[in-house]
There are 2 protein chains.
Amino acid sequence: MASYLVTGAAGFIGSVLAARLIKEGNKVVTIDNLSTGKESNVPAGCVFIRGNTYDTDVIAQLEKYSFDAVFHIAGQSSGEVSFENPEYDLKTNTLATLLLLDYCKKHGVKKFVYASSMATYGDHPEELVSETSEQIPKSFYAVGKLASENYMRIYSGFGIQCTALRFFNVFGIGQNLDNLKQGMASIYLAMAVNDRHIFVKGSKDRFRDFVYVDDVVQACINAVDVPRDEMFDVFNISNKRKITVEYINEMICRRIEGTTVEYGQGTPGDQFGIYGENQKAKEKLKWNPQIDFETGMNRFIDFVLSDANRH
Amino acid sequence: MASYLVTGAAGFIGSVLAARLIKEGNKVVTIDNLSTGKESNVPAGCVFIRGNTYDTDVIAQLEKYSFDAVFHIAGQSSGEVSFENPEYDLKTNTLATLLLLDYCKKHGVKKFVYASSMATYGDHPEELVSETSEQIPKSFYAVGKLASENYMRIYSGFGIQCTALRFFNVFGIGQNLDNLKQGMASIYLAMAVNDRHIFVKGSKDRFRDFVYVDDVVQACINAVDVPRDEMFDVFNISNKRKITVEYINEMICRRIEGTTVEYGQGTPGDQFGIYGENQKAKEKLKWNPQIDFETGMNRFIDFVLSDANRH
């Protein structure tokens, strides 16, 4: 049994990760400000501290715990929203990471796993991005994620093994269907279920590389459990596959009858297309994603439809 | 006559830049928190707002002005100090840039010039770094400078011409001899004048690329005055010449008799050696540095010695 801090366990990825860790018999503490997450998402058995990860008073509440690892998953996660309040974005995505790393340094926490993002690469539409591809962030969100990675590299010099996982488009059951600014698949799916009409901000030819949330959670766990020599490392968490906006919506329209699709203006900082090499995570993290896009999407749609029918 | 905001005009580079702009008949406003600068450095005729550039209340005091350009020079400038208080470093070096860029966006300021740093490159001891060299920041200070550059790239999309000048080791008359944590040449010179003993933190073989402050100020001015098409660009402000720690101290010892040199442990995040290509600034900014290291250093030593004699 181990003890973990999982920030953001009222949110999508954090809640699934925390539930998994608790199920396996570990102790889990979380911090979440409920800005987009819901308290009901925090798994039973998880110690919940409500607050901002960038508040020193909140971090001070961790003094009494001792963690084997910190999974820093919390953070404003929409590139679009980062344009509305860049200062909040800097605090939630960068200052928070800094304070948590400093906490780890002061309290001897040996492992730190971070939810970084494919957004740090910016646009590479012609190219399969690998971990050594150039990072030219296009949104405030992406600037903050990149700065966090750079802070981790420095803190790894203080004896903390720091792993930055560059998540590509994470999707699946648990994703917030009320938030229409985050999560391409969940946004379109929510529109289809609610209105039978999908309004797309940007081109149908844009593409993403989707990863199912359970596979992402496995990557987080492997980042702590699989022994490695490197004190700092970054990994793409991706499926090495281009999925276009059009393909997603065709799938949704087949499953949810009568849904129409309309294309409009894009959002600032949106990447046109990106997909990622995942060989490094497969080799060094022994990561082996199990759920392809179609399987994951059908599972997600089944869940949403059965949930909608219940109400 | 134009109107400028120069942040940090109580500090070294900011004060020389503000004085030059005022001398040429322009209006200058400054913000400085006097954390390392001195109010007496603020040139006569410069409107002085005392405060932190990362405080929204301070930025709000700029509402009544209209600027042709902003020179953002203020900021904690020591890699070493950034390890003592990473949070302050993030605020002063990153949040401040974000708030000022946002001010420019809201008030239609068309040009933004930023004091970035060669520190953003990290270690490239074998290589002459150009603007396209990889940036792997080794200090909190450098992480913040790089994040600021990335913010500028985004704001350039809002119609602000943003120029990041990556200063190499700036030195010269006006440098603060009381601050023994910032400025390699000034630190050694201060020790020689005060104690006739130089204690070096790190190897004598480390090297830097020195640029005289008047040349740096000229680069700032050219970044605003020389027409360019690019809305975002970065330039090394360097002399393309390796100067070793040993060479600096030999020079100082020749001029200040009886000075001894001792070598000790290095500081965290210190780059071993770096020097920079400057062809891009020469071509696109029409920048032509005038003062070589020996000329500048002798001028600086002359000034310090005459100043010391006066006291």
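At 62% relative accessibility, B:Lys106 counts as exposed (over 50% relative accessible area; buried is under 20% and partly exposed lies in between, with a 1.4 Å probe and protein chains only). Its partner in a salt bridge is B:Asp102, with the closest N and O atoms 2.8 Å apart; the term stands for a side-chain nitrogen of Lys or Arg within 4 Å of a carboxyl oxygen of Asp or Glu. B:Asp102 is buried, with a relative accessible area of 17%. Everything here comes from a predicted model, where local features need pLDDT of at least 70 and side-chain atom pairs count only at pLDDT 80 or more, while totals for chains, interfaces and linings use all residues. On bookkeeping, residues are numbered from 1 along each chain as its sequence is written, chains are lettered from A and ligands numbered from 1 in the order in which they are written, and side-chain values use heavy atoms, leaving out hydrogens and water.

**Salt bridges within the chains**

- B:Asp102 and B:Lys106 sit four residues apart in helix H4 (residues 86–107) of chain B, so about one helical turn separates them. Helices (H or I, at least four residues) and strands (E, at least two) are DSSP runs, numbered from the N terminus.
- Over all chains, the structure holds 33 salt bridges.
- One of them joins the side chains of A:Asp123 and A:Lys138, at 2.6 Å from N to O.
- That pair links distant parts of the chain, 15 residues apart: A:Asp123 is in the loop between strand S5 (111–117) and strand S6 (128–129) of chain A, and A:Lys138 is in the loop between S6 and H5 of chain A.
- A:Asp123 is partly exposed, with a relative accessible area of 31%, and A:Lys138 is partly exposed too, with 30%.
- Over in chain B, B:Arg241 forms a salt bridge with B:Glu294, and the closest N and O atoms are 2.5 Å apart.
- This pair also links distant parts of its chain, 53 residues apart: B:Arg241 is in the loop between strand S12 (232–237) and strand S13 (243–244) of chain B, while B:Glu294 belongs to helix H10 (residues 293–310) of chain B.
- B:Arg241 is partly exposed, with a relative accessible area of 31%.
- A:Glu230, A:Asp233, A:Lys280 and A:Lys284 are linked in a network of salt bridges.

**Where the two chains meet**

- In contact terms (heavy atoms within 4.5 Å), 24 residues of chain A meet 24 residues of chain B.
- About 2,100 Å² is buried between chain A and chain B, and carbon and sulfur atoms give 77% of that. Buried area is the accessible area (1.4 Å probe) that two parts lose on being put together, summed over both.
- A:Leu90, A:Phe140 and A:Ile154 supply 26% of the area that chain A buries against chain B, more than any other three residues.
- Between chain A and chain B the count is zero salt bridges.
- On the side of chain A that touches chain B, the elements giving two or more residues are helix H4 (86–107) and helix H5 (140–156) of chain A.
- H5(A) gives the largest share of that side, nine residues.
- The residues of that side split into 16 nonpolar, four polar and four charged. Here Ala, Val, Leu, Ile, Met, Phe, Trp, Tyr, Cys and Pro count as nonpolar, Asp, Glu, Lys and Arg as charged, and the others, Gly among them, as polar.

- The same surface serves both copies, as 100% of the contact residues of chain A recur in chain B.

**Two buried residues**

- A:Ser148 is found in helix H5 of chain A and counts as buried at 0% relative accessibility.
- The side chain of A:Ser148 makes a polar contact with that of A:Thr97, at 2.9 Å.
- B:Leu165 lies in strand S7 (residues 161–167) of chain B and, at 0% relative accessibility, counts as buried.

Notes: A polar contact is a pair of N or O atoms within 3.5 Å; within protein, one must be able to donate a hydrogen and the other to accept it, and residues adjacent in sequence count only if both atoms are side-chain atoms.
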